[in-house]
Amino acid sequence: MFYTLVGGLSVPCTAAEWGIRRVARAVKANVTVSTVFLGIDHGYRAGLPLLFETMVFGGKHDQWQGRCSTWGQAEKQHKRACKMAFSKKASVLSLKVDRP
């Protein structure tokens, strides 16, 4: 099933209406943290659809990813991923990921 964003809420839509939208992006030196609305449920299980994804590109946590269900969760996940990716002290284990 496809989803689109309407006023920050995810609603079912057709494939023609679907589109990827950026929630946030941060770059520091050679590290990028990107959070996007996927529009397709990546949860592959029952429960709330996982429609947002945060990824780290470069640095110690290169290719780390986290997924969540809502815009608000995505904003929080992005902030925590930035803290993890840009901090010299943080580790993957210190990043709490919102899961439905």
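This is a walk through the model, one selection at a time.

**Before you click**

You're looking at a predicted model, where local features need pLDDT of at least 70 and side-chain atom pairs count only at pLDDT 80 or more, while totals for chains, interfaces and linings use all residues. Residues are numbered from 1 along each chain as its sequence is written, and side-chain values use heavy atoms, with hydrogens and water left out.

**Stop 1: the whole chain**

Show everything as a cartoon. Helices (H or I, at least four residues) and strands (E, at least two) are DSSP runs, numbered from the N terminus.

Now colour by pLDDT, the predictor's confidence in each residue, from 0 to 100. The mean for the protein is 84, and 86% of its residues reach 70 or more. Strand S1 (residues 2–6) has the lowest confidence, at a mean of 84, and S5 the highest, at 96. Then select residues 93–100: pLDDT is below 50 over this stretch, which has 23 contacts in the model beyond near neighbours in sequence. A contact here means heavy atoms within 4.5 Å.

Switch to a surface. The protein exposes about 6,000 Å², with carbon and sulfur atoms supplying 58% of it; the areas come from the Shrake-Rupley method with a 1.4 Å probe, and for residues only the protein chains shown count as cover. Of the 100 residues, 43% are buried. Buried means under 20% relative accessible area, exposed over 50%, and partly exposed in between (1.4 Å probe, protein chains only).

**Stop 2**

Strand S3 (residues 21–28) and strand S4 (residues 31–37) run antiparallel, joined by seven bridges. Two strands count as paired if DSSP finds at least two bridges between them. Pick arginine 22 and you'll see valine 36 of S4 opposite. Two residues sit between the strands, and alanine 29 in this hairpin takes a positive phi near 55°.

Stay in S4 and click threonine 32. Is threonine 32 buried or exposed? At 16% relative accessibility, threonine 32 counts as buried. Leaving aside neighbours within four places in sequence, its contacts are Arg25, Ala26, Val27, Met55, Val56 and Phe57.

**Stop 3: across to S5 and S6**

S4 and S5 pair antiparallel over six bridges, with serine 34 opposite methionine 55 in S5. S5 and S6 also pair in the antiparallel sense, over four bridges, and here threonine 54 stands opposite glycine 66 in S6. S5 is mostly covered, with five of its six residues buried.

Show side chains for glutamate 53 and arginine 67: the two meet in a salt bridge, 2.8 Å from N to O. This pair links distant parts of the chain, with arginine 67 in strand S6 (residues 65–68) and glutamate 53 in strand S5 (residues 52–57), 14 residues apart. The structure holds one salt bridge, defined as a side-chain nitrogen of Lys or Arg within 4 Å of a carboxyl oxygen of Asp or Glu. Both arginine 67 and glutamate 53 are buried.

Next, go to the loop between S5 and S6 and select tryptophan 64. Tryptophan 64 is buried, at 12% relative accessible area. Draw a C-alpha to C-alpha distance from tryptophan 64 to valine 33: they are 9.5 Å apart in space and 31 residues apart in sequence.

**Stop 4: the aromatics and the helix**

Select Phe37, Phe52 and Trp71, which form one aromatic cluster. Rings of Phe, Tyr and Trp (its six-membered ring) pair if their centres lie within 6.5 Å; planes under 30 degrees apart count as stacked, over 60 as edge-to-face and the rest as tilted. That rule gives two aromatic pairs. Phenylalanine 52 and tryptophan 71 make an edge-to-face pair, 6.1 Å centre to centre with 90° between the planes. Phenylalanine 52 lies in strand S5 and tryptophan 71 in helix H1 (residues 71–86), so the pair ties together parts 19 residues apart in sequence. Phenylalanine 52 is buried at 1% relative accessible area, whereas tryptophan 71 is partly exposed at 25%.

Finish on histidine 78 in helix H1, which counts as buried at 8% relative accessibility. Beyond neighbours within four places in sequence, histidine 78 is in contact with Ala24, Arg25, Ala26, Val33, Ser34, Thr35 and Thr54.
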